[in-house]
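This report goes through one protein model, site by site. The sequence and coordinates come first, and the text follows them.

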Amino acid sequence: MRVRTVLNRLVDFKGFVLVKECLLTMEGGMELEIVVRPRANARACCSGCHAPASIYDHQEERRFQFPALWSIPVFLVYCMRRVQCAKCGVKVESVPWAVGKSPVTKMLAMQLSDWAKLLSWQEVCERFAVNWRQVYESVKQVVDWGLAHRDLDGVEAIGIDEIQFGKGHRYLTVVYQLCGQTRRLLYVGQRRDAQALQTFFDAAGVLWCGAIQYVCTDMWRAYLKVVRENMPDAVHVLDRFHIVKLLNEAVDNVRRSENRELRAQGIEVLKGLKYVFLKRPENLTEHQQEQLQKVMNQKQLKTVRAWLWKEKFQLFWEYTSPYWARRYLHRWERGAMRSRLAPIKKFVKTLRGHEDLIINWFKAKKVYSSGAVEGMNRKINLVTRRSYGFRSFEVLKIALFHTLGHLPEPEVAHRF
Ligand SMILES: [Zn+2]
């Protein structure tokens with residue numbers, strides 16, 4: 001059986017003929033080239049609108065990489081034609097095996113993109129003997145298709161978050177779906193300002209925004225304002241995850257400044273205890289539990305007192321009734337204000353500034369699970385922290401949608 005016969009079974013080369021195959025022996029090994037020509041009498045189609053059009057001219061021969069056969073790289077060789085389209089003007093023709101200017105066929109793009117979900121992009125490069133750019137182009141091809149074909153209907157609860165990336169204080173705005181079976185990334189915007197978020201709401205449309213019942217954000221002021229303006233009827237929630245994070249920061253601030261003071265006097269009692277105070281007690285290792293027990297006896301330490309306030313705050317989340325939750329919150333706040341711990345008092349003031357949104361968490365509790373926001377935040381951070389060249393915003397965006405977008409994928413007759 002000829003290779004061409006197999007290829008014709010895999011890909012619909014409608015309008016084209018595979019004329020011959022050549023096995024080339026080169027320095028680095030073998031390469032299989034398959035020469036493609038237009039079928040006689042078949043008309044070329046415009047890549048802009050896919051309508052048949054008359055030929056304008058022929059371009060130079062191009063090679064399109066196909067999935068390898070027995071580890072032998074396979075290329076389709078073809079002279080692209082340009083067409084004179086009545087609607088689009090002079091355009092390059094559309095071909096069934098490739099998109100745009102990419103030298104990677106749709107089939108190889110699919111294969112690389114599949115593997116890029118399991119391996120790092122660098123590993124995909126090594127495994128398939130392609131360069132980084134080709135992996136990027138492949139993933140982008142699949143992601144772009146997915147974004148154009150995804151369905152945003154039925155979203156009732158969303159989360160909005162700011163994510164730090166790269167070196168320095170660079171932030172992104174991300175929007176994700178929190179309700180239903182799919183928790184997925186819906187949007188990635190450059191920067192974390194009102195405009196970044198508004199761009200998404202404008203694109204999604206007034207009706208889509210009107211259907212949102214729950215919006216979950218952190219305390220970033222720009223987001224609070226945009227949400228209020230675009231979704232005045234939605235229940236706006238400050239999620240537990242963001243508040244716990246803030247309280248942890250307050251405890252850590254107390255620890256850091258106290259540790260500095262003590263070390264100046266040569267006392268090292270707080271040394272190396274950062275995570276002992278930050279982790280949930282049930283997540284501590286045995287060794288850390290012992291460390292905590294030991295330091296707990298020293299009640300004069302500010303850090304110990306701050307930690308105790310944090311633990312007491314934990315009970316707040318156990319409430320189901322918003323009314324009783326609010327009562328507990330007020331009691332905790334009054335006590336914490338007398339703690340003489342500046343970072344804790346600052347935290348109380350933040351709570352007081354956002355009380356209604358915090359209480360809304362109890363109203364939304366039934367809609368999305370309490371770990372949903374934290375889970376998405378962690379997954380997004382995992383992707384952004386990977387160190388293989390997501391330095392530019394565009395690349396990071398594609399990588400995020402690829403792993404977290406739950407996007408539909410193009411049908412390819414045969415999955416490689
Ligand atoms: Zn056209």
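Is His-406 buried or exposed? His-406 is exposed, with a relative accessible area of 52%; exposed means over 50% relative accessible area, buried under 20%, and partly exposed in between, using a 1.4 Å probe and protein chains only. This residue sits in the segment after helix H16 (393-404), where helices (H or I, at least four residues) and strands (E, at least two) are DSSP runs numbered from the N terminus.

The model is predicted, so local features need pLDDT of at least 70 and side-chain atom pairs count only at pLDDT 80 or more, while totals for chains, interfaces and linings use all residues. Residues are numbered from 1 along each chain as its sequence is written, and side-chain values use heavy atoms, with hydrogens and water left out.

**Backbone**

His-406 has a phi near 45 degrees, a positive value in a residue other than glycine. Trp-70 also has a positive phi, of about 50 degrees, although Trp-70 is not a glycine. Trp-70 lies in the loop between S4 and S5 and is exposed, with a relative accessible area of 74%.

**Zinc site**

Four cysteines supply the protein donors of the zinc ion: Cys-46 (SG), Cys-49 (SG), Cys-85 (SG) and Cys-88 (SG), lying 2.2 to 2.3 Å from it. Donors are N, O and S atoms within 2.8 Å of the metal (3.2 Å for Na, K and Ca); water is not among the atoms, so sites may look incomplete. The site is tetrahedral, with angles of 102 to 113 degrees among its four donor atoms. Four donors count as tetrahedral if all angles lie between 85 and 135 degrees. Along the sequence the donor residues follow the spacing C-x2-C-x35-C-x2-C. Cys-46 lies in the loop between S3 and S4 and Cys-85 in strand S5, so this pair ties together parts that are 39 residues apart in sequence. Both Cys-46 and Cys-85 are buried.

**Second largest pocket**

The second largest pocket has a volume of about 630 Å³. A pocket, found on a 1 Å grid over the protein atoms alone, is an open set of points where a 1.4 Å probe fits, with protein on both sides within 12 Å along at least five of seven lines; lining residues have an atom within 4 Å of a point. The volume is the space filled by probe spheres set on the points, which are joined across faces, edges and corners.

The lining holds 26 residues, and Ser-47, His-50, Glu-93, Ser-94 and Val-95 lie nearest the pocket centre. Strand S3 (44-45), strand S4 (52-69), strand S5 (72-85) and strand S6 (89-92) are the elements that give two or more residues to this lining. By class, the lining has 10 nonpolar, seven polar and nine charged residues. Here Ala, Val, Leu, Ile, Met, Phe, Trp, Tyr, Cys and Pro count as nonpolar, Asp, Glu, Lys and Arg as charged, and the others, Gly among them, as polar.

**Aromatic pairs**

The whole structure contains 25 aromatic pairs. Rings of Phe, Tyr and Trp (its six-membered ring) pair if their centres lie within 6.5 Å, and planes over 60 degrees apart count as edge-to-face. Two of these pairs are listed below.

| Pair | Centre to centre | Angle between planes | Type |
|---|---|---|---|
| Phe-316 and Phe-362 | 5.0 Å | 75 degrees | edge-to-face |
| Trp-332 and Phe-347 | 6.0 Å | 90 degrees | edge-to-face |

Phe-316 lies in the loop between helix H11 (302-314) and helix H12 (322-337), and Phe-362 in helix H14 (residues 355-364), so the pair ties together parts that are 46 residues apart in sequence. Phe-316 is buried at a relative accessible area of 0%, and Phe-362 is buried at 2%.

Trp-332 lies in helix H12 and Phe-347 in helix H13 (residues 342-353), so their pair ties together parts that are 15 residues apart in sequence. Trp-332 is buried, with a relative accessible area of 3%, and Phe-347 is buried, with 2%. One aromatic cluster is formed by Trp-309, Phe-313, Phe-316, Trp-317, Trp-332, Phe-347, Trp-361 and Phe-362.

**Distances across the chain**

Val-35, in strand S2 (residues 29-38), is buried, with a relative accessible area of 9%. Its C-alpha atom is separated by 51 Å from that of Leu-207, 172 residues apart along the chain.

How values were computed: Four donors count as tetrahedral if all angles lie between 85 and 135 degrees; four count as square planar and six as octahedral if opposite donors are over 155 degrees apart and all others between 65 and 115; anything else is irregular. Rings of Phe, Tyr and Trp (its six-membered ring) pair if their centres lie within 6.5 Å; planes under 30 degrees apart count as stacked, over 60 as edge-to-face and the rest as tilted.
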